[in-house]
Structures are given as structure tokens and as C-alpha cells.
Amino acid sequence: MGYNLLKGKKGIIFGALDANSIAWKTAERVHEEGGEFVLTNAPIAMRMGALNTLAEQTGSEIVPADATSIEDLENLVEKAQEILGGKLDFVLHSIGMSVNVRKGRAYTDQNYAWTEKGWDVSAVSFHKTMQTLYKKDAMNEWGSIVGLTYMAAQRVFPDYNDMADNKAFLESIARSFGYHFGKEKNVRVNTISQSPTPTTAGQGVKGFDGFIAFAEKMSPLGNATAQDCADYTVTLFSDLTKRVTMQNLYNDGGFSNTGVSREVMDAFVKDQE
Ligand SMILES: NC(=O)c1ccc[n+]([C@@H]2O[C@H](COP(=O)([O-])OP(=O)(O)OC[C@H]3O[C@@H](n4cnc5c(N)ncnc54)[C@H](O)[C@@H]3O)[C@@H](O)[C@H]2O)c1
């Protein structure tokens with residue numbers, strides 16, 4: 001159900017790969033709330049053509065951009081304003097990738113060229129996106145920028161590998177840029193720390209099935225789905241959260257503040273009555 005929360009608002013949505021992507025669900029939800037946007041992804045990710053379906057479904061145009069390339073980002077920000085007819089109100093950065101994770105390289109045996117690629121794609125691309133928007137003065141006042149993160153930035157999840165460090169870097173960039181964007185342009189910047197979610201990126205992490213099942217049992221409200229994340233993002237793009245900025249916001253069913261749950265304890269109790 002729509003509430004017209006984003007009527008008249010324009011933006012850019014990065015990172016929709018397929019129908020499981022958090023960005024895909026968010027695009028559908030933003031469309032439902034009356035927002036208009038340009039969809040973007042890395043040229044290589046668009047080869048399978050799934051994004052065209054989403055573009056048709058939401059009446060959007062696609063502008064390819066590798067989020068690590070300033071040239072691509074400048075082109076994207078210019079084209080998006082042309083297509084949408086003015087400055088932007090919201091931007092979703094839904095991008096993450098670790099080559100070490102992909103190639104099964106242990107955290108204690110990093111290939112540093114891959115480590116560097118991972119932090120450029122997963123964290124610095126957020127800075128590059130915001131710097132491009134900032135320099136081009138492309139955001140409207142009271143606009144909202146959201147990045148997606150995971151709690152491995154605060155606590156150790158061994159198989160999350162170097163993505164944990166990339167997420168800590170991403171969250172720090174959100175705070176640091178959030179200050180400047182707030183001060184100079186009244187734009188807010190936040191990260192959403194999302195439950196494990198069955199997407200292409202999520203399932204790339206070793207032991208994902210066990211991990212998502214554990215998180216489900218630990219969280220009093222259960223894991224937040226991609227759909228829940230889309231809903232939360234809509235509130236952050238809306239005018240109802242105007243002074244929420246520089247925050248890392250948990251959308252995780254209570255996982256991050258739960259020490260242990262009854263269900264997890266039960267799995268360790270041998271003799272139950
Ligand atoms: N799935 C989870 O369990 C989970 C949990 C918490 C946070 N997150 C975060 O959510 C975000 C979205 O991931 P998802 O789970 O929807 O998976 P996904 O695989 O659907 O999306 C990741 C996207 O990043 C894009 N990407 C990779 N390199 C890029 C580049 N150079 N330029 C532009 N785009 C590039 C991919 O093409 C893809 O669309 C990521 O930041 C991820 O770390 C995911």
C-alpha cells in the first residue's frame with residue numbers, strides 16, 4: 001500500500017541486480033510511493049539484462065556507471081538530472097563486493113590487490129558518489145542519501161572476511177560526509193545495517209545458510225527482509241525523518257541488542273524435560 005510519501009521526489013538507485021536485490025525491492029517501493037528515479041549499475045552487471053524489466057515496471061531509465069569511476073559518476077549525475085528534470089532528493093547506494101570473499105581467500109591470507117578493489121567498490125564508491133553529488137550541487141535541500149551496511153562492522157563474524165572492514169569504512173564515510181553535506185546543503189546521510197538477506201551478494205558469504213538461520217532464531221522479530229529494508233529506506237527518503245543524519249540504523253529484528261535467545265539456548269540444552 002502506498003502513502004504518496006515520495007510524491008514529487010527524484011533520485012538515483014544504485015545496485016539492483018535481480019529481483020532479490022535490496023535495491024530492486026527499494027526501487028519498486030519508491031515507485032509505489034510516487035518517487036521517480038534513474039536506475040544504475042556497473043556495466044558488467046547489466047549484461048544479463050534483468051534491470052530492463054525493473055526499468056519498464058517503474059517507468060525509469062537506466063544509466064550505467066561503475067561506482068568506482070569518477071568519470072562514470074559525473075556522467076550519471078548529469079544525465080539523471082537531465083532525465084528527471086532537476087536536482088535530486090534521494091540516492092540509494094546498495095553496492096558491495098569483496099574479491100577475497102568471492103575467491104575464497106582467508107582473512108589471514110589476503111591478496112591485497114583484491115582487498116583494495118573490495119574497499120574501493122564497497123566503501124570509497126560511497127565517498128566518490130557523494131563527492132560528485134556535492135561538487136555538482138546536485139542534491140536538493142533536505143535530500144537524503146542512504147548506504148547499506150552490516151553489523152560485522154561492529155562485531156566479528158569470521159566468514160564475513162574483509163567485508164567487515166569495508167563496512168566499517170563505509171559507515172565512517174557516512175558520518176564524515178554527513179557532517180559536510182548537512183552543514184553546507186541540509187542533506188542527510190545514513191547507513192542502514194540490515195539483517196542477513198538472501199541475495200547474490202549475501203549468498204556469496206561462506207556458511208550463509210546456517211548464518212541466516214541463526215540470525216532468525218536470535219532476533220525477537222525475526223530477520224528483516226529485503227522488503228522491510230525497502231520500507232525503512234522509504235521513510236528515510238521521506239520528509240518524516242528530516243533531522244535523522246550521520247547515523248547507522250539497525251534494521252535487524254533486534255539481533256544487534258540480543259545476547260542470546262531462548263531458541264538458541266534450547267539448541268545447547270541436552271536434557272530437556
Ligand atoms: N544480503 C545481505 O545479507 C546484506 C546484509 C547487510 C547489508 N547488505 C548490503 O546491501 C547492499 C546490496 O546488496 P544485496 O544484498 O542487495 O546484493 P546484490 O548482489 O543484489 O547487490 C550488490 C550490487 O552491487 C553492484 N556492484 C558491484 N560492483 C559495482 C560497481 N563497481 N559499481 C556499481 N555497482 C556495483 C552489483 O552489480 C549488485 O547490483 C550491499 O551493500 C550489501 O553489502 C547485504
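The model is predicted: local features need pLDDT of at least 70, side-chain atom pairs count only at pLDDT 80 or more, and totals for chains, interfaces and linings use all residues. Residues are numbered from 1 along each chain as its sequence is written.

**Sheet and helices**

Helices (H or I, at least four residues) and strands (E, at least two) are DSSP runs, numbered from the N terminus. Two strands count as paired if DSSP finds at least two bridges between them. Seven strands form an open sheet with parallel pairing, in the order β3-β2-β1-β4-β5-β6-β7. Its edges are β3 (61-62) and β7 (248-251), each of which pairs on one side only. Strands β1 (residues 10-14) and β4 (residues 88-93) run parallel and are joined by three bridges; Ile12 has Val91 in β4 as its bridge partner.

Helix α3 (residues 70-84) packs on the sheet and touches β1, β2 (36-40), β3 and β4. Its direction makes about 145° with that of β2. Helix α6 (residues 163-185) lies across β5 (139-149), β6 (188-194) and β7, at about 155° to β6. For these angles, axes are lines fitted to C-alpha atoms, for helices over the stretch in contact, and the angles run from 0 to 180 degrees between N-to-C directions. Contact between two residues requires C-beta atoms, placed from the backbone, within 7 Å.

**Ligand shell**

The ligand is surrounded by 27 residues, the closest being Ser21, Ala45, Gly96, Ala201 and Gly202. A residue is near a molecule or strand if its C-beta atom, placed from the backbone, lies within 6 Å of it. At least two shell residues come from each of α1 (22-32), β5 and α7 (200-203), and α7 gives the most, with three.

**Annotated tyrosines**

In an unreviewed UniProt entry, the annotation "active site" covers Tyr150 and Tyr160; such annotations may be inferred rather than shown by experiment. Tyr150 is in the loop between β5 and α6, and Tyr160 is also found in the loop between β5 and α6.
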